[in-house]
Amino acid sequence: MKLSHKLFLILFSLITVILTASLILAALSFKSGFVEFIQNQEKQKLRNLAQRLVPIYQQSQDWSQINVSHLSQHDLPQPIRPRHRRHPPAGQRPHHLRPARHSDSTQTQRGAPIALFDANGKLVVGTEYPADDRLRVQISLKDQQQIIGYLHSWIPEVPKDAVTDLFVRQQLHNFAIIAIVSLLLTILLVAVAIPKMLSPIRQLLAKINQLASGNFKITKAKYHQDEFGELNKQLDHLADTLDKNRTSKNRWLADISHELRTPLSILAGEIELVKAGVRQMDEQQLDSLEQEVQRLHHLVEDLYQLSLADIGGLRYQFATTDLVKIIEQQIGLNAANIEQAKLTIELFSPKSLSLVADEQRIAQLIANLITNSVKYTNAPGLIKITVSKAQNFVQIDVEDSAPAIDNNNYHNVFEPLFQEDQSRSRASKGAGLGLTICQQIVAAHRGQITASASELGGVKITVQLPIRSGS
C-alpha cells in the first residue's frame, strides 16, 4: 500500500472518529440542555404562579382560600375576600380543599401536574405525582422572607407532545446533515492535504535517486521551516560533500600518477642512456638513480601512512613524554639539512614540558614540520620554533621566512598533494603529503593544527595538543 493511501486512511479514520465523538457529545449535550431548558421554563411558570398565590395567602394568612382552579397556569382569578361558609361535619374537609384526582388536576392545569404544599410540607391542594418517570420541579413561596409553602411540578424526563417531538426530530435531522457535510469536507480536505504533505518526500526521493545515479549536482530549492526542510538541507549538504570528495579523489589520483610518473620517467631515461653507452655506470650515475628511488620510496611510504590513518590502522601508544626533548632531538637530526640549506633555526621553549602523547608520532610530527620549512624556505632564511603552555594544552608554533603563500590557500595546505605557485612548488622537494600526515597525527591526539601568515614573511604552522590527550 502506498504511503498516500495509508495517510488517507489514517487521517480519514482519525477525523471520522473525532467527528462521530463530537456529534454524540453534541446530541447528549442537546438532550441534557433541552431537559434543563424545560425545567427552567417550568420554574418560571411556577414563579409566575407564586406571584399570584402569595397575595391570596397574605389576605387570610393561610391557604384556606386556595383551590384547584388557582393552580391553573393561565390567567388566575383575582384574590377574593374570605366569606362565611357552612362548615362540614366534624372530621370532613371542605370540598374545595380536597385533593383533586389525578385526571381532574391534569385537565384543569393543561400542563404538568402541580401541587401546593404548606411550610410543613403538607399537601394543600393538587396531586402529588407518584411516578418515577418524571422530574420534580420545586420552588418556595415566601412572605417577608419567611417560607409559607412550596409549589411542586412534575415534568416528563422526555417531553412527548407533538411540538417537542417535531423539535427533536428537526435537531436530529440537522445533526445528520452536519455529519454528512462534515464527512464530505473531510474527504475533500484529506484529498487536497495529502499531496501537499507528500510533496517534500517526493522531492527527497528525487534527490536520492540523483545521488544513487552518481549525479551530485543537485538543484537546490527553498527550504521549508520544518523537519522536511532540515532533511532537505542535510541532503544537499551530503550531495556537496560527495561532489567535493569525488573531485578531490580524481585530483588526488591525477597528482599521484604525476608524482609516480616523474621519477619513473627519469629512471627509465637514465637506464636507456646507460644501455646506449651514452653514460657510464659509475658512482655518480648510481647516486642519481638512488635519488629517484628514494623519492619513490618516500612517496609510497607517505601514501601508506595516509591510507593507514584513513582506515584507522595507525596504532598509538600514549604515555607521558617530554615535548621539548623531542623537539631538540629532531632539530639535531635535521641539523645537517638545515645547514646545507643555509638556514638558521631557533627554539624558544621551557626546559621541559610533559604531556600524554605517542612519542614516536610526535617526533614524526616535529620532523615533518621542520622538513617542510627547510624545503620551502629561501636561503638565507630563518626557522623559529616556539613552545608554550596554556591551562589545558600546549602550543607549538613553527614559522619560517619568505616565501609566503596566498592568503586564500592557507586552509588548503593540509590537503594531500597541495601545490602553491612556483616560488613554493614541490618540484623535486617532495610530494606534498607531509602536512597531511601532520594533520592526521594531531587529530589522533585530539588537537588542532592551523596555518597562517608568519611575521617572518613565510608560513606559520600552529599546533595545539591537549596535555592529557590519551584515551
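**Inside the model**

Analyst: This is a predicted model, and its largest nonpolar core has 40 residues, of which those with the most contacts inside it are Leu323, Ile362, Leu365, Leu369, Ile385, Ile461 and Val463.

User: Which elements give two or more residues to this core?

Analyst: The contributors at that level are the helices α6 (323-333), α8 (359-376) and α9 (434-444), together with the strands β7 (354-357), β8 (381-389), β9 (393-401), β10 (448-453) and β11 (457-466).

User: And which one gives the most?

Analyst: That is α8, which supplies seven residues to this core.

User: What is isoleucine 362 in contact with, leaving aside its neighbours within four places in sequence?

Analyst: With those neighbours set aside, isoleucine 362 has contacts with Leu323, Ile326, Ala357, His445 and Leu465.

User: What does the second core include?

Analyst: The second core is separate and has 26 residues, with Ile38, Leu49, Leu71 and Leu141 among them.

User: Back to the strands, then. How many residues of β9 are buried?

Analyst: Eight of the nine residues in β9 are buried, so by the under 20% cut-off for relative accessible area this strand is mostly covered.

User: How does β9 pair with β8, and what joins them?

Analyst: The two strands run in the antiparallel sense and pair over seven bridges, while a hairpin of three residues makes the join from β8 to β9. Within this part of the model, lysine 384 stands opposite glutamate 399 of β9.

User: How many bridges are there between β9 and β11?

Analyst: There are eight bridges between β9 and β11, again in the antiparallel sense, and valine 394 is found opposite leucine 465, a residue of β11.

User: Changing topic: where is glutamate 270, and is it buried or exposed?

Analyst: Glutamate 270 lies in helix α4, which covers residues 227-275, and glutamate 270 counts as buried because its relative accessibility is 10%, where the cut-off is under 20%.

User: What is glutamate 270 in contact with, beyond its neighbours within four places in sequence?

Analyst: Beyond those neighbours, glutamate 270 is in contact with Arg279, Gln285, Ser288 and Leu289.

User: Now the overall picture. How many helices and strands are there, and how much of the protein is buried?

Analyst: The protein has nine helices and 11 strands, and buried residues account for 35% of its 471 residues. Its accessible surface is about 29,000 Å², with 55% of that belonging to carbon and sulfur atoms.

User: What share of contacts join residues at least 24 apart?

Analyst: Taking the contacts between residues at least 6 apart in sequence, 68% join residues at least 24 apart.

Conventions:
Residues are numbered from 1 along each chain as its sequence is written. This is a predicted model: local features need pLDDT of at least 70, side-chain atom pairs count only at pLDDT 80 or more; totals for chains, interfaces and linings use all residues. Side-chain values use heavy atoms; hydrogens and water are left out. A nonpolar core is a set of buried Ala, Val, Leu, Ile, Met, Phe, Trp, Tyr and Cys residues joined through side-chain atoms within 4.5 Å. Buried means under 20% relative accessible area, exposed over 50%, partly exposed in between (1.4 Å probe, protein chains only). Helices (H or I, at least four residues) and strands (E, at least two) are DSSP runs, numbered from the N terminus. Contact means heavy atoms within 4.5 Å. Two strands pair if DSSP finds at least two bridges between them. Accessible areas come from the Shrake-Rupley method with a 1.4 Å probe; for residues, only the protein chains shown count as cover.
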